[in-house]
Amino acid sequence: MPTDPRIDAYIANAQPFARPILEHFRELVHCALPQAEETLKWSMPHFTVGGRNVAGMASFKAHAALMIHGDGRQGEAEGDDEKGGMGHYGRITSLADLPGDAALRKKLIAAADKIASGVKEPRPARAPKPEIATPPDVAAALDANGPAKATFERFAPSHRREYLEWITDAKRAETRERRLAQAIVWLSEGKKRNWKYENC
């Protein structure tokens with residue numbers, strides 16, 4: 001099996017408890033995926049098939065981590081939210097923390113097959129941010145300027161949010177008043193908060 005001397009050095013420099021974990025996972029990857037190649041990505045050992053990431057591993061002071069790409073969201077431990085840590089299997093401190101070899105082999109082969117088939121993991125849909133309530137001073141300023149109010153109400157929630165966050169994030173009252181006055185001018189001209197950058 002082709003090996004990368006940088007991975008040898010990474011394992012040699014790992015904490016003593018982590019070396020057997022890393023060596024075992026490395027051997028398991030090559031057993032399940034003889035075509036896998038080794039490399040370093042993000043300063044961590046990774047295994048690729050056809051140039052695409054299939055799995056990775058990392059060692060820290062008090063735990064190790066394993067990732068099988070496409071096998072759940074990184075940072076979410078399987079069946080145990082308390083485990084935490086990077087990788088689908090949480091904080092690993094010994095070989096006993098690993099799932100069985102058969103289960104890992106199955107997931108490695110499935111990940112490689114997914115890459116070969118060209119199927120991409122769908123990204124989870126993000127929940128839209130809730131609307132920000134319009135503060136009384138902003139509402140009053142909008143009521144006093146019909147064109148600004150019409151523009152503000154016509155805007156998508158994200159564009160309204162940009163204005164409201166800019167105004168309400170001001171730390172001083174004078175700054176807030178100045179931003180509100182400027183916002184009314186721009187809104188009356190039909191401009192979005194970041195209009196200056198739209199043509200960059």
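1. How many residues does the hairpin that joins β3 to β4 run through? Four residues link β3 to β4 in that hairpin. Strands here are DSSP runs of E with at least two residues, helices are DSSP runs of H or I with at least four, and both are numbered from the N terminus. Two strands pair if DSSP finds at least two bridges between them.

2. Ground rules. This is a predicted model, where local features need pLDDT of at least 70 and side-chain atom pairs count only at pLDDT 80 or more, while totals for chains, interfaces and linings use all residues. Residues are numbered from 1 along each chain as its sequence is written, and side-chain values use heavy atoms, with hydrogens and water left out.

3. Overall layout. Seven helices and four strands make up the secondary structure of the chain. The order from the N terminus is α-α-β-β-β-β-α-α-α-α-α. The chain has 200 residues, and 36% of them count as buried. Buried means under 20% relative accessible area, exposed means over 50%, and partly exposed lies in between, with a 1.4 Å probe and protein chains only. Contact means heavy atoms within 4.5 Å. Among contacts between residues at least 6 apart in sequence, 51% join residues at least 24 apart.

4. The sheet. It is open, with four strands in the order β1-β2-β3-β4 and antiparallel pairing. β1 (37-41) and β4 (64-68) are the edge strands, each pairing on one side only. Neighbouring strands are turned by 25° against each other on average, direction ignored. Axes are lines fitted to C-alpha atoms, for helices over the stretch in contact, and angles run from 0 to 180 degrees between N-to-C directions. In general, strands of a sheet pair through backbone hydrogen bonds, either parallel or antiparallel.

5. β1 with β2. Five bridges join these antiparallel strands. L40 stands opposite P45 of β2. The two strands form a hairpin with two residues between them. W42 sits in the turn, with a positive phi of about 55°.

6. β2 with β3. Four bridges hold this antiparallel pair. F47 has A55 of β3 as its bridge partner, and T48 has N53. Another hairpin with two residues between the strands occurs here. G50 in the turn has a positive phi of about 60°.

7. β3 with β4. Strand β3 (residues 52-59) runs antiparallel to β4, and five bridges join them. M57 stands opposite L66. A58 stands opposite A65.

8. Is β2 enclosed or open? Six of the six residues of β2 are buried, so β2 is largely enclosed by the rest of the structure. Side chains in a regular strand alternate between the two faces of the sheet. Both faces of β2 are covered. M44, H46 and T48 are buried on one side, and P45, F47 and V49 on the other. β3 is mostly covered, with seven of its eight residues buried.

9. A helix on the sheet. Helix α3 (residues 101-117) lies across β2 (44-49), β3 and β4. Its direction is at about 140° to β3.

10. The cavity. The structure holds one cavity of 30 Å³ or more. The space in the largest cavity is about 30 Å³. A cavity is a set of points, on a 1 Å grid over the protein atoms alone, where a 1.4 Å probe fits but cannot get out; lining residues have an atom within 4 Å of a point. Grid points are joined across faces, edges and corners, and a volume is the space filled by probe spheres set on the points.

11. Its lining. V138, F152, Y163, L164, I167, L180, A183 and L187 line the largest cavity. Helices α6 (157-168) and α7 (173-188) each supply at least two residues of this lining. The lining divides into eight nonpolar, no polar and no charged residues. Ala, Val, Leu, Ile, Met, Phe, Trp, Tyr, Cys and Pro count as nonpolar, Asp, Glu, Lys and Arg as charged, and the others, Gly among them, as polar.

12. A buried arginine. R161 is found in helix α6. R161 counts as buried because its relative accessibility is 16%. Leaving out residues up to four places away in sequence, R161 touches K129, P130, E131 and I132.

Key
1 Å grid on protein atoms, 1.4 Å probe; cavity = no way out; pocket = protein on both sides within 12 Å on 5 of 7 lines; lining within 4 Å.
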